[in-house]
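Please consult the sequence and the structure shown below while reading.

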Amino acid sequence: MLIEASDHLLGPFDARLVSYVEALLKKRKFDVRTGVRVTAVHRNDVELSSGETVPCGLVVWSTGIQPVKLMQTLAEKDTLAWSRGRLLMDDYMRVLRSSPDGKSHEVVPDVYGLGDCAVSSTNPLPTLGGIARMQAAYLAKKFNSGKLDGSGKAYRNISLLQMSSVGSQDAIIDPTISPLGKRSPVINGFLGKILWASAYWGFQVSTANKILIPMYWFKSWLFGRDISRF
């Protein structure tokens, strides 16, 4: 059984790939439940927000990340604006603070935010490594140009290629959205797996990993995955 709190799997992916993966899991006899949360885990069962109790022998719980307490501490101490544990910033990635009347926000001079610790007040983005990298590159250009007064181009996120292996010989690829807003055709199935494996292997920095990873993949393909206990 696969339980997802939101109304669909793979939140940031294209809807076509979400439908493909959900159909694939059902074909593999998975009981997929969306819009349901786990409220309690016991020795032999879990309780769901729907009121149902599901018997189980193994629970794998993926809960995501939680902002560090430092952000909340800074916000409370310096009256910085924050939302769900993340500092608010404007379109130029300048951190905001609450105005004296508490009804609006004002820019904090010389303080900037990026990555998981901050979120745009007008265009919230997910906490992904690729987004943090693009934000860092944007800020570096602003610092080098000296245009720190809110002039010039505001930060604009560009959706990068997203990939995920979905087991067996399957993977999904969500291509980049072009500047014109047009999305390229999505890729899935065996072709997706080949492209995913090529990208995964290509991003390895260590030569040893580039040698070992294909060997592990071949062993897994030939003998299956080793899940034995020692």
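Asp90 and Arg94 form a salt bridge in which the closest N and O atoms are 2.8 Å apart; the term salt bridge denotes a side-chain nitrogen of Lys or Arg within 4 Å of a carboxyl oxygen of Asp or Glu. Asp90 is buried, its relative accessible area being 13%, and Arg94 is buried as well, with 16%. Here buried means under 20% relative accessible area, exposed means over 50%, and partly exposed lies in between, as computed with a 1.4 Å probe on protein chains only.

The model is a predicted one, in which local features need pLDDT of at least 70 and side-chain atom pairs count only at pLDDT 80 or more, while totals for chains, interfaces and linings use all residues. Residues are numbered from 1 along each chain as its sequence is written, and side-chain values use heavy atoms, with hydrogens and water left out.

**Salt bridges**

Side chains of opposite charge can pair when their charged atoms come close. Across the whole structure, a search finds five salt bridges. The table lists pairs among them.

| Pair | N to O distance | Relative accessibility of each residue |
|---|---|---|
| Arg16 and Asp14 | 2.9 Å | Arg16 44%, Asp14 12% |
| Arg28 and Asp170 | 3.6 Å | Arg28 29%, Asp170 11% |
| Asp90 and Arg94 | 2.8 Å | Asp90 13%, Arg94 16% |

Arg28 forms its salt bridge with Asp170. This pair links distant parts of the chain, 142 residues apart: Arg28 is in the loop between α1 (15-27) and β2 (32-34), and Asp170 is in the loop between β11 (162-165) and β12 (171-174). The helices and strands named here are DSSP runs numbered from the N terminus, helices being H or I with at least four residues and strands being E with at least two. Arg28 counts as partly exposed, while Asp170 is buried.

**Helices α4 and α5**

Helix α4 (residues 189-202) and helix α5 (residues 207-223) have axes that come within 10 Å and cross at roughly 150°. Axes are lines fitted to C-alpha atoms, for helices over the stretch in contact, and angles run from 0 to 180 degrees between N-to-C directions. The two helices α4 and α5 are therefore roughly antiparallel to each other, a label for angles over 145 degrees. Contact, meaning heavy atoms within 4.5 Å, is made by Trp196, Ala197, Tyr200, Trp201 and Gly202 of α4 with Lys210, Ile213, Pro214 and Trp217 of α5.

Gln204 is in the loop between α4 and α5 and is buried at 18% relative accessibility. A polar atom of the Gln204 side chain lies 3.1 Å from the backbone oxygen of Tyr200. Apart from neighbours within four places in sequence, Gln204 is in contact with Asn209, Lys210 and Ile213.

**The surroundings of His8**

His8 is placed in the loop between β1 (2-4) and α1. At 29% relative accessibility, His8 is partly exposed. When neighbours within four places in sequence are left aside, His8 is in contact with Val18, Glu22 and Thr34. The C-alpha atoms of His8 and Arg84 are separated by 22 Å, and these residues are 76 residues apart along the chain.

Key:
Parallel < 35°, antiparallel > 145°, perpendicular 65-115°, else oblique. Polar contact = N/O pair within 3.5 Å; in protein donor to acceptor, adjacent residues only side chain to side chain.
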